[in-house]
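Reader: I have a chain to look at and would like to learn how to read it. Please show me.

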Amino acid sequence: MSNYVLVIDSNKQPLNPCHPSVARKLLKSKNAAIFRQYPFTIVLKKEILDVVIEPIEIKIDPGSQTTGIALVQGDKVIFGAELSHRGSTIKDSLESRRSLRRGRRSRKTRYRQARFLNRKKPSCWLAPSLQHRVDTTLTWIKKLIKFAPIVGISQELVRFDLQQLENPEISGVEYQQGELVGYEVREYLLNKWDRKCSYCSIENVPLQVEHIHPKAKGGTNRISNLCLACESCNLKKGTKDINVFLAKKPDVLKRILSQAKRPLKDAAAVNSTRWTLFNALKNTGLPITTGSGGKTKFNRTRLNLPKQHWIDAACVGIVDTLKVLTNKPLLIKATGHGTRQSCRTDKYGFPSRYVPRFKFIKGFQTGDIVKAVVTKGKKIGTYVGRVAVRSIGSFNISSPNGLIQGISYKNCTHIHKKDGYSYAT
């Protein structure tokens, strides 16, 4: 089943989302029109005054690469979305720009006075690749607030419970007697060791928490001394010292010892942005609740739900029961708004080709989602996808079936104008 359809009235006031079949009837009877394609929203052709609004909570599972978003109405999950960030792309672009500028400065050109210590970053500054994660998440939260009666926000604020991770010996009694026993540590290790056996790299088998330096020989329960192992490797190692156990595999030994002390890159990115996102969400004026990653996994496991980002989002915070009424989340990928370069450069930083100044051609721009109906010629058919404009008026369309070239602008109509994202279901 698809996501529920968002509904607004003629005054653009959000109403209760409706089932897709109800939306089809409203559109077919001309009582409503399509207001926005992504997220799919319809607008009624009259003002609605006396209606009982069922409050909706928006839940967020922030991630380094993908953020899960869910709309929960009572105990019903009516909308899901997964937002893919482009932090790595931004980082690569900045590194490329830096290398090109450095190359130009080092050539035999006129002397340029060195510039340093002449810029000051604000105290709340984040790297562009990290700030992007906050900005795109906040953009989509604001969009959903405009189209749905949101009354609260629930955010997974801490990826892992640091009290248990850093010193499980002290807090062990409390956690062992609680319902969340082992969830924080185990989830951290699964992420850190890529859900594989640390010794043989086998996947998709039950994994056990293993002490790198055996506890029988003075090893502790610190995270830096824990890894994951399959049952076979765990039994073979027993209480042997890791240097003895892997004496014939020096490469594996070196990898395990280095990875044991390596910080979790994705978790570090989430921890760097979590408070910035939290403070930005407070500016919406809605009440905010928070939860931990271990609590999220505990809820999902208890309810026997599959591992997906948007389902993790629905399980954030205090959850008793959940009825998942959709299985086709909206897949959102951040693509950016292009570049302001006036020309493209080769790998050495020299200009290679000209970029047109005007981005709009015949009312279209690259990135628009269009529907093209071709009735004659060699390309007869209907095509839906992202358009790449050309100044001659002959466009290229990237559809799920491949790239279609040479489609005239006269055959194209807008479905969704460029907004810096691509969509799939």
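Reader: What is the accessible surface of the chain, and how much of it belongs to carbon and sulfur atoms?

Author: Accessible areas come from the Shrake-Rupley method with a 1.4 Å probe, and for residues only the protein chains shown count as cover. Here the accessible surface of the chain comes to about 25,000 Å², and carbon and sulfur atoms account for 53% of that. This is a predicted model, in which local features need pLDDT of at least 70 and side-chain atom pairs count only at pLDDT 80 or more, while totals for chains, interfaces and linings use all residues. Residues are numbered from 1 along each chain as its sequence is written, and side-chain values use heavy atoms, with hydrogens and water left out.

Reader: What percentage of the residues count as buried?

Author: Buried means under 20% relative accessible area, exposed over 50%, and partly exposed in between (1.4 Å probe, protein chains only). Of the 425 residues of the chain, 42% are buried by that rule.

Reader: How many helices and strands does the chain have?

Author: Helices (H or I, at least four residues) and strands (E, at least two) are DSSP runs, numbered from the N terminus. The chain has twelve helices and 20 strands.

Reader: Is Ile-42 buried or exposed?

Author: In a regular strand the side chains alternate between the two faces of the sheet. Ile-42 belongs to strand 3, and its relative accessible area of 0% makes it buried. Beyond its neighbours within four places in sequence, Ile-42 is in contact with several residues, including Val-5, Ile-8, Cys-18, Leu-27 and Phe-35. The C-alpha atoms of Ile-42 and Ile-8 are 6.5 Å apart, although 34 residues separate them along the chain.

Reader: Which peptide bond is cis?

Author: Most residues other than glycine have a negative phi, and most peptide bonds are trans. The bond from Tyr-38 to Pro-39 is cis, with omega near -10°. Pro-39 sits in the loop between strand 2 and strand 3.

Reader: Where are Arg-195 and Asn-204, and what is phi of Arg-195 and of Asn-204?

Author: Arg-195 is in the loop between helix 6 (183-192) and strand 8 (207-211), and Asn-204 is in the loop between helix 6 and strand 8. Phi is positive in Arg-195, near 55°, and in Asn-204, near 60°. Arg-195 is partly exposed at 37% relative accessibility, whereas Asn-204 is exposed at 79%.

Reader: What is the order of the sheet of five strands?

Author: That open sheet runs 18-17-16-15-19, with antiparallel pairing. Strand 18 (402-408) and strand 19 (412-416) are the edge strands, each pairing on one side only. Neighbouring strands are turned by 45° against each other on average, direction ignored. Strand 15 (residues 369-374) and strand 16 (residues 381-388) are joined by six bridges, and Val-374 has Gly-381 of strand 16 as its bridge partner.

How values were computed: Two strands pair if DSSP finds at least two bridges between them. Axes are lines fitted to C-alpha atoms, for helices over the stretch in contact, and angles run from 0 to 180 degrees between N-to-C directions. Contact means heavy atoms within 4.5 Å.
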